[in-house]
Amino acid sequence: MPRLALQQRILGIDFHNKVCGYLKLLEKEYFGLEFRHHSGSYVWLELLKPVMKQLKSNDQTFRFIVKFFPPDPGQLQKSLTRYLFTLQIRQDLSNGSLTCNDNSAALLVSHILQSELGDYDEELDVQHLETKQYVPNQEYLDHKIMRFHKRHRGQTPEESDVQLLEVARKLDMYGIRPHAAHDGEGMRLNLAVTHMGVLVFQGNTKINTFSWAKIRKLSFKRKHFLIKLHPSHRDTVEFTMASRDICKAFWRMCVEYHAFFRLAEEPQSRQRSLLSSKGSSFRYRYDRDMLESFLSIYLSIYLPKMYLSVCHWCYTATIH
């Protein structure tokens with residue numbers, strides 16, 4: 001069993017770097033580790049604080065997932081990064097968080113089939129769709145999925161995953177992590193933050209967008225989330241969330257998104273289009289099972305030992 005040495009006061013950023021190093025992931029800034037808070041909701045591991053100080057339990061599970069969704073996956077330069085994004089899209093599609101109309105859902109699944117199975121074969125497609133569930137209520141879409149799959153003849157797995165990202169990024173719910181809230185009139189809403197700003201949803205329908213250009217200040221007071229707008233717009237918009245901790249976590253996420261997409265300078269090399277991005281040294285089919293399991297990276301802490309289980313391998317870390 002491989003052993004991984006972790007100091008007892010290891011910072012979140014050092015633990016994050018160890019996980020990314022295990023995956024040989026270079027564009028690690030798009031990803032994060034989240035864990036279930038004692039309030040019941042998931043929160044992100046803070047990179048500048050010791051891991052142990054953020055936990056309320058000595059038995060904790062972390063999920064390594066996409067944290068920042070760029071508007072154009074062409075910003076992702078490495079084949080491995082793009083592939084991990086396709087795994088995130090596939091997970092969001094299967095668990096129902098990436099909602100879309102039937103045509104879009106069928107098209108997404110058809111690209112997954114082309115990536116997994118190759119060119120269309122009716123018997124193989126039918127058998128595969130009977131055993132694999134890629135989207136809720138898939139049984140009603142089987143014929144439409146196979147009709148789309150026929151059109152993808154000749155596409156390589158990587159080309160199919162590129163097309164998957166192209167379809168997904170145009171969906172309203174792409175990259176959306178909803179946070180329940182109420183407006184001043186008590187209406188139930190969901191808030192989300194993206195590269196463009198803070199979004200407001202009623203169910204799965206977007207009803208308002210507060211772009212970064214409109215926002216002068218974001219703050220929270222107890223469980224109230226406040227958006228202060230520039231004078232040319234309404235002065236302040238207020239939403240109420242379930243608790244102070246949940247409100248603070250969403251506020252922090254907004255600040256991080258603003259810093260990531262509005263303040264950080266983008267490297268010149270990221271201007272290349274996704275569709276024309278070629279030549280990565282990443283072997284697309286290499287250790288596919290391992291990479292598909294990246295969404296379920298566990299860190300279970302049993303003092304005085306840490307066990308980091310990644311896919312089918314277990315790393316044991318002794319705390320010094």
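Biologist: Is Met253 buried or exposed?
Modeller: Met253 is buried in this predicted model. Its relative accessible area is 7%, and the cut-off for buried is under 20%, so Met253 falls in that class.

Biologist: Which helix is Met253 in?
Modeller: Met253 belongs to helix H7, which runs over residues 244-263.

Biologist: How far apart are Met253 and Trp44, in sequence and in space?
Modeller: In sequence, 209 residues separate Met253 and Trp44. In space, their C-alpha atoms are 8.4 Å apart.

Biologist: Now the largest pocket. What is its volume?
Modeller: The volume of the largest pocket is about 1000 Å³.

Biologist: How many residues line the largest pocket, and which lie nearest its centre?
Modeller: The lining has 39 residues. Those nearest the centre are Ser41, Tyr42, Val43, Trp44 and Ala249.

Biologist: Which helices and strands supply at least two residues of that lining?
Modeller: On the helix side, H2 (79-94) and H7 (244-263) do. The strands are E1 (31-36), E2 (42-44), E3 (62-66) and E5 (188-194).

Biologist: And where does the largest share come from?
Modeller: From H7, with 10 residues of the lining.

Biologist: How does the lining divide into nonpolar, polar and charged?
Modeller: There are 15 nonpolar, 10 polar and 14 charged residues in the lining of the largest pocket.

Biologist: Back to the strands. In what order do E1, E2 and E3 sit in their sheet?
Modeller: The order is E2-E1-E3, in an open sheet of 3 strands with antiparallel pairing. E2 and E3 are the edge strands; each has a single partner strand, so one side of each has no neighbour in the sheet. From one strand to the next, the twist averages 40°.

Biologist: How many bridges join E1 and E3?
Modeller: E1 and E3 pair over 5 bridges, in the antiparallel sense. Phe35 has Phe62 in E3 as its bridge partner, and Phe31 stands opposite Val66 in E3.

Biologist: How many residues of E3 are buried?
Modeller: 4 of the 5 residues of E3 are buried, which leaves the strand mostly covered.

Biologist: Different topic. How do E8 and E9 pair?
Modeller: E8 (residues 215-221) and E9 (residues 224-229) pair in the antiparallel sense over 6 bridges. Lys221 has His224 in E9 as its bridge partner.

Biologist: What sits between the strands in that hairpin?
Modeller: There are 2 residues between E8 and E9, and Arg222 in this hairpin takes a positive phi near 55°. Arg222 is a residue other than glycine, and it lies in the loop between the two strands.

Biologist: Is Arg222 buried or exposed?
Modeller: Exposed, at 60% relative accessibility. The cut-off for exposed is over 50%, so Arg222 qualifies.

Biologist: Which loop holds Asn137, and what is its phi?
Modeller: Asn137 is in the loop between H4 and helix H5 (142-150). Its phi is positive, about 60°, although Asn137 is not a glycine.

Biologist: You mention H4. Where does His128 lie, and is it buried or exposed?
Modeller: His128 lies in helix H4, residues 122-131. His128 counts as buried, at 12% relative accessibility.

Biologist: What does the side chain of His128 make a polar contact with?
Modeller: With the side chain of Tyr134, at 2.6 Å.

Methods:
Residues numbered from 1 in each chain as written. Predicted model: local features only at pLDDT ≥ 70, side-chain atom pairs only at ≥ 80, totals over all residues. Heavy atoms only, no water. 1 Å grid on protein atoms, 1.4 Å probe; cavity = no way out; pocket = protein on both sides within 12 Å on 5 of 7 lines; lining within 4 Å. Points joined across faces, edges and corners; volume = space filled by probe spheres on them. Nonpolar A, V, L, I, M, F, W, Y, C, P; charged D, E, K, R; others polar. Buried < 20%, exposed > 50% of the residue type's maximum accessible area, 1.4 Å probe, protein only. Pairing = 2+ DSSP bridges. Axes fitted to C-alpha atoms, helices over the stretch in contact; angles between N-to-C directions. Polar contact = N/O pair within 3.5 Å; in protein donor to acceptor, adjacent residues only side chain to side chain.
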